[in-house]
Every structure is written in structure tokens, then in C-alpha cells.
Amino acid sequence: MDDGFYPGKLRIVRGRAPAARARRTGYAAVGVIAVSFFADFAAHYEALFPAQPQVREFLAARAGPGRRRLLDVGCGPGHHAGRLGEAGHDVVGVDIESAMIDAAARRYPAAAFRVLDMRRLDELAVGPAPRAPFDLAFCVGNTAAHLSLPQWPDFLARLATVLVPGGRWVLQIVNWDFVLGRGDYEFPVRQAAGPGGATLRLHRVYRDVSPAAVRFLTRLEEDGRTLWEGEQTLHPLTAADLGRLHAQAGFTLQEHLADYDGTLFDPARDGGQIAVCSLARRDAP
Ligand SMILES: C[S@@+](CC[C@H](N)C(=O)[O-])C[C@H]1O[C@@H](n2cnc3c(N)ncnc32)[C@H](O)[C@@H]1O
């Protein structure tokens with residue numbers, strides 16, 4: 001399975017001590033020190049998780065023809081948003097982690113980036129330069145696994161405020177039905193070339209899998225030495241809950257896929273899932 005990842009709490013074995021950043025991001029302490037993993041991981045992210053052209057082709061196709069307004073929710077290093085911007089779309093990427101947003105803004109000037117908690121998407125609709133409404137919003141790389149089940153209705157209600165009527169929403173998360181049916185899960189080790197030709201190896205495992213929460217343990221090595229190890233809580237979302245929550249929020253599930261190649265979703269198949277939804281057109285007042 002390859003879901004992208006977000007180990008938000010980490011124990012630094014070697015590296016900087018970003019206590020101020022930990023306070024700013026508000027993550028709770030675990031182990032030696034508390035920070036968001038992505039604060040220090042931004043530099044390695046694209047090496048370990050290179051953006052696949054297939055993802056942006058999929059998103060561009062769902063956005064429709066012409067120059068569209070797109071929102072990347074939990075954009076990370078901005079590789080999807082940035083490249084969709086380079087392709088001519090008007091794109092905004094938001095992420096809770098300022099290090100990610102800083103890296104994205106430096107690297108991808110063709111898109112706009114903003115530090116924002118995805119649970120506050122409605123804040124995009126206000127301010128001196130409103131960035132809403134969007135024709136399509138997307139949240140990929142299992143980012144939405146940070147929402148607990150009770151947070152979903154509010155999240156979807158706020159999302160709806162920044163989409164045009166009939167606007168589309170693409171969500172990509174792991175196949176939680178498969179994970180729940182299996183228990184502990186160890187991902188294949190992800191390996192990539194790091195700075196100066198060093199070998200990066202990322203270890204990821206799900207432990208104590210339950211319908212409400214999963215412990216996500218991660219460890220990043222550089223040339224065999226552990227750089228970081230971390231733990232965070234993710235929240236499974238079954239296909240049944242996904243369908244129910246979206247229907248209740250006024251979204252119609254148009255496609256439910258296993259992959260960007262168009263393979264249909266199968267709860268018994270290891271991997272991810274992609275839901276393509278459209279927001280109901282509201283009646284004129
Ligand atoms: C696994 S990365 C995926 C990044 C990108 N979507 C991709 O597919 O490459 C998850 C991202 O979600 C962000 N994130 C986690 N919780 C968030 C929240 N509540 N609001 C906004 N971003 C969040 C993290 O900072 C991280 O950059």
C-alpha cells in the first residue's frame with residue numbers, strides 16, 4: 001500500500017531542536033521532543049514521494065476544460081498544486097505546516113500557498129483577497145486520515161462553502177476497510193536518494209488498528225542511521241462512512257476508484273481509494 005503519510009509527532013534522534021516550531025504548530029509532546037514531522041521533513045518529502053504525473057492528469061480531467069480554480073487541501077510540498085498551476089490553472093494550496101508552505105511557495109510560484117488548518121477551509125472565503133469559490137478541491141496522500149469521524153460533518157460543511165455549486169471534490173485515502181480487516185500493517189520500505197547521494201529509507205507501520213484510531217509509527221534513516229522516529233494517530237474511514245457522510249453533506253459520489261488508473265474500488269483489495277464527488281447545486285433563494 002502507498003498512501004503518502006503524515007507522521008505529525010516525532011522523536012528526534014538526530015537533528016535540530018525546533019521547540020518554537022512545536023509550540024507554533026501545537027502538536028503534543030511524544031518521546032523526547034514534540035514537533036510536526038513535516039517541519040523537518042519538507043526537505044526530504046519530494047525525494048521519497050515524488051509527484052506522479054498521473055495524479056495531476058486525473059485531477060485536471062475532473063476539473064474540466066479551460067482554466068479552473070483548484071484547491072489543494074493539505075498540499076504538503078505543493079507538488080500537485082504547483083504543477084497544476086504551471087499547467088495554467090488558478091490553484092491555491094493550504095497546509096497546516098508552515099515549513100511545507102514555505103517550501104511550496106519557494107518552489108512553485110505558479111500557485112498560491114497559505115498556512116491553514118483544513119478544518120477551517122471556510123476562512124478562504126473571507127479576507128482582502130478571497131480565494132473562493134473553487135471549481136474543484138482535492139485532498140490526496142491520505143491527508144484526510146487526520147480527521148476523526150466526528151470531525152467529518154463540519155469539515156464537509158466548510159468545504160461546501162468554498163466550492164461552486166456543482167463543484168467537484170476528490171478525496172484519496174487508504175483502503176481502510178482492508179486495513180481494518182487485517183490489523184497491524186507494515187508498509188514496504190520506501191527508499192530514495194537523499195542529500196549528497198545519501199540513501200534515505202522510510203519505515204512505516206500501522207499498529208493497534210481499531211475503527212476509531214490507528215497508531216502510525218514511522219522511522220526515517222539516512223545511510224542506515226535513524227534521523228527521526230515518530231508516532232501519530234490516524235483515523236480510519238470506511239467506505240460506508242465515506243458514502244454516508246458525503247451524502248449527508250450534499251455531495252454525490254460519482255466515482256469510487258482504487259487507483260488513478262481508473263480501477264474500481266474494491267474493499268478487499270490492498271491499496272488506496274479515490275472518491276470523486278460533486279456538490280449538489282443549491283436552489284436559488
Ligand atoms: C502525507 S502529506 C500529503 C501531502 C500532499 N497532499 C501529497 O499528496 O503529497 C499530509 C499533509 O497534510 C498536512 N496536514 C495534516 N493535518 C492537516 C490539517 N489539519 N490541515 C491542513 N493540513 C494538514 C501535513 O502538514 C502534510 O503536509
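Predicted model: local features only at pLDDT ≥ 70, side-chain atom pairs only at ≥ 80, totals over all residues.
Colleague: Let's go to helix 4: what comes after it?
Modeller: Helix 4 is followed by G88, which has a positive phi, near 110°. The helix itself is mostly covered, with 7 of its 8 residues buried, namely H79, H80, A81, G82, R83, L84 and G85.

Colleague: At what angle do helix 3 and helix 4 cross?
Modeller: Helix 3 (residues 53-63) and helix 4 (residues 79-86) cross at roughly 60°, and their axes come within 10 Å; the axes are lines fitted to C-alpha atoms over the stretch in contact, with angles from 0 to 180 degrees between N-to-C directions. The two helices are therefore oblique to each other, given that angles under 35 degrees count as roughly parallel, over 145 as roughly antiparallel, 65 to 115 as roughly perpendicular and the rest as oblique.

Colleague: Is that crossing of helix 3 and helix 4 left-handed or right-handed?
Modeller: The crossing of helix 3 and helix 4 is right-handed, in the sense that the near helix is turned clockwise from the far one by less than a right angle, anticlockwise being left-handed. Helix 3 brings V55, R56, L59 and A60 to the contact, and helix 4 brings H80, R83 and L84. By class, this contact has 4 nonpolar, 1 polar and 2 charged residues, where Ala, Val, Leu, Ile, Met, Phe, Trp, Tyr, Cys and Pro count as nonpolar, Asp, Glu, Lys and Arg as charged, and the others, Gly among them, as polar.

Colleague: How do helix 6 and helix 8 pack, then, and at what angle?
Modeller: Helix 6 and helix 8 (residues 239-248) pack at about 45°, with their axes 9 Å apart, and are therefore oblique to each other. Their crossing is right-handed. W152, P153 and L156 of helix 6 meet L245, H246 and Q248 of helix 8, a contact of 4 nonpolar, 2 polar and no charged residues.

Colleague: Changing topic, how many residues surround the ligand?
Modeller: The ligand is surrounded by 20 residues, of which the closest are G74, G76, E97, M118 and G141, counting a residue if its C-beta atom, placed from the backbone, lies within 6 Å. The shell divides into 9 nonpolar, 7 polar and 4 charged residues.

Colleague: Where is N142 found, and is it buried or exposed?
Modeller: N142 is in the loop between strand 5 (134-139) and helix 6 (152-161), and with 23 C-beta neighbours inside 10 Å it counts as buried. Its phi is positive, about 60°, although N142 is not a glycine.

Colleague: And what is the phi of D208?
Modeller: The phi of D208 is near 50°, again a positive value in a residue other than glycine. D208 is in the loop between strand 9 (199-207) and strand 10 (214-222) and is exposed, with 11 other C-beta atoms within 10 Å.

Terms used
Residues numbered from 1 in each chain as written. Helix = DSSP H or I, 4+ residues; strand = E, 2+ residues; numbered from the N terminus. Contact = placed C-beta atoms within 7 Å. Buried ≥ 20, exposed ≤ 12 C-beta atoms within 10 Å, placed from the backbone.
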